[in-house]
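Hi,

Here is the structure I promised to pass on. Have a look at it first, and my notes on helix packing and pockets follow below.

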Amino acid sequence: MTERIGIYPGTFDPITLGHADIIRRGSKLVDRLILGVTTNPSKNPMFSPEQRIAMVEREVAAMGLANIEVVGFNALLMKFANKMNASVIIRGLRAVADFEYEYQMAGMNQQIDDEIETVFLMADVSLQPIASKLVKEIALFGGDIAPFVSEAVREDVLAKVAEKGQLGDY
């Protein structure tokens, strides 16, 4: 029997508790789960690719999951999936707006390679509002991000905010 390999791609800028939930649950669906840390210049990343990979590796190590590998990539997802011999793409959904975008992406990916299935996992209800973009925005304006990320990630984000300077005047 061949090993079932899944990929959970994302920018993970930063990795949130929502990501961790999908990682934990997705790791049960495959023999090996590759966390593909990718670049997306339109997202205006706070952390470099190397910093995000290190952050994700640290968070995964803290979860104690043995079947996870963290790999950085800067390519078309389906090319990366083929290179990794993946048969499944795992995507997390938070809301209807996510579904519309992810449904379109899954359709395009299927046109590229119909041998790779996309599996959608709904985020835990308590984690549905969490988005990396909002975590960064809250931190940049001096808000508390502790409910959305691990303590180690919170420290990473606060260090970046200290480097860049906090926004707002209240």
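This is a predicted model: local features need pLDDT of at least 70, side-chain atom pairs count only at pLDDT 80 or more; totals for chains, interfaces and linings use all residues.

Helices α2 and α6 are roughly antiparallel, because angles over 145 degrees get that label. α2 covers residues 49-63 and α6 residues 151-164, and they pack at about 160° with axes 10 Å apart (axes are lines fitted to C-alpha atoms over the stretch in contact, and angles run from 0 to 180 degrees between N-to-C directions; helices are DSSP runs of H or I with at least four residues, strands of E with at least two, numbered from the N terminus). Gln51, Met55, Arg58 and Glu59 of α2 meet Ala152, Val153, Asp156 and Lys160 of α6, with contact meaning heavy atoms within 4.5 Å.

Numbering starts from 1 along each chain as its sequence is written, and side-chain values use heavy atoms, without hydrogens or water.

The largest pocket is about 1100 Å³ (on a 1 Å grid over the protein atoms alone, a pocket is an open set of points where a 1.4 Å probe fits, with protein on both sides within 12 Å along at least five of seven lines; lining residues have an atom within 4 Å of a point; volume is the space filled by probe spheres set on the points). Of its 42 lining residues, Gly10, Lys43, Arg91, Tyr101 and Glu102 are closest to the centre. α4 gives the most, nine residues.

The second largest pocket is about 180 Å³, and α5 supplies the largest share of its lining, four residues.

Cheers

Conventions
Angles under 35 degrees count as roughly parallel, over 145 as roughly antiparallel, 65 to 115 as roughly perpendicular and the rest as oblique.
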